[in-house]
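The stops below are meant to be followed in order.

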Amino acid sequence: MKNRLKILRAERDWSQAELAGRLDVSRQAVNAIETGKHDPSLPLAFRIARLFDMRIEDIFDDGEHA
């Protein structure tokens, strides 16, 4: 799944470790999501969306367009 997490994080000048701390996950988890190796759980996707004050769909793209 494509996502804008790395871009959003960079816009705020946050390290992966800093973002991980704000989301209560490991830095490795942030890296895996950013690189598309792992999709976040739904609760984590909601936490990410709330942190960036965006909709989940504005951060993550599953490739399907209605």
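Predicted model: local features only at pLDDT ≥ 70, side-chain atom pairs only at ≥ 80, totals over all residues.

**Stop 1: the core.** Select L5, L19, I48, F52, I59 and F60. The largest nonpolar core has 15 residues, and these six touch the most other members. Now colour helix 1 (5-11), helix 2 (16-23), helix 3 (27-34) and helix 4 (42-51), the elements that each give two or more residues to this core. Helix 4 contributes the most, with 4 residues.

Keep I48 selected and show what surrounds it. Which residues does I48 contact, leaving aside its neighbours within four places in sequence? They are L5, L23, I59 and F60.

**Stop 2: helix 3.** Select V30, A32, I33 and E34, which are buried in helix 3. Then step just past the end of helix 3 to G36, where the backbone takes a positive phi of about 80°.

**Stop 3: Q16.** Go to helix 2 and select Q16. Is Q16 buried or exposed? Its relative accessibility is 14%, so Q16 counts as buried. Display R27 as well: the side chains of Q16 and R27 make a polar contact at 3.0 Å. Beyond four places in sequence, Q16 is in contact with R9, R27, V30, N31 and E34. Of these, V30 and E34 were among the buried residues selected at the previous stop.

**Stop 4: R9.** From Q16, move to its contact R9, which is found in helix 1. R9 has a relative accessible area of 11% and is therefore buried. Not counting residues up to four places away in sequence, R9 touches W14, S15, Q16, L19, E34 and F52.

**Stop 5: L51.** Finish in helix 4 with L51. At 29% relative accessibility, L51 counts as partly exposed, whereas R9 is buried. Show W14, L19, R22 and L23, which L51 touches once residues up to four places away in sequence are set aside. W14 and L19 are also touched by R9, and L23 is also a contact of I48.

Notes
Residues numbered from 1 in each chain as written. Heavy atoms only, no water. Core = buried A, V, L, I, M, F, W, Y, C linked by side-chain atoms within 4.5 Å. Buried < 20%, exposed > 50% of the residue type's maximum accessible area, 1.4 Å probe, protein only. Contact = heavy atoms within 4.5 Å. Polar contact = N/O pair within 3.5 Å; in protein donor to acceptor, adjacent residues only side chain to side chain.
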